[in-house]
Amino acid sequence: MFRAQMANSGDSWCLYVVLLGVENWPQYVWSSGHGVPTLAERAQVLASMGFEIAPDEWWSWGEYGADPAEPAALYASVQVIRMSLGARR
């Protein structure tokens, strides 16, 4: 299994799959101002990368930030598996 992570950087969201030993992880960035990507949008992007959410797995969310007066940065992660070649959309 692999881990997909999604984070916001200011006004945009980036989804990527962590691959050990690989220099450039597959990633997708939604345009600025898009808002939080839906479950369907995340699944579509993962499928385009050749991954799908592992059975019985759900996105988990967290936040980080050092200044309590500033907006927190949000992140999410989920376990994913490689799709079979016939299942790619």
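**Surface and strand residues**

Author: At 46% relative accessibility, V36 counts as partly exposed, because that class lies between buried (under 20% relative accessible area) and exposed (over 50%), with a 1.4 Å probe and protein chains only. This is a predicted model, where local features need pLDDT of at least 70, side-chain atom pairs count only at pLDDT 80 or more, and totals for chains, interfaces and linings use all residues. Residues are numbered from 1 along each chain as its sequence is written, and side-chain values use heavy atoms, leaving out hydrogens and water.

Reader: Where is the place of V36?
Author: V36 lies in the loop between strand 3 (27-29) and helix 1 (39-49). Helices (H or I, at least four residues) and strands (E, at least two) are DSSP runs, numbered from the N terminus.

Reader: Turning to S77, is it buried or exposed?
Author: S77 counts as buried, because its relative accessibility is 13%. This residue is found in strand 6.

Reader: Which side chain does a polar contact join to that of S77?
Author: That of R3, at 2.9 Å. A polar contact is a pair of N or O atoms within 3.5 Å; within protein, one must be able to donate a hydrogen and the other to accept it, and residues adjacent in sequence count only if both atoms are side-chain atoms.

Reader: And what is Q79 in contact with, neighbours within four places in sequence aside?
Author: Q79, in strand 6 (residues 73-82), is in contact (heavy atoms within 4.5 Å) with M1, F2, R3, I53, A54 and E57. The C-alpha atoms of Q79 and M1 are separated by 6.4 Å, although the two are 78 residues apart along the chain.
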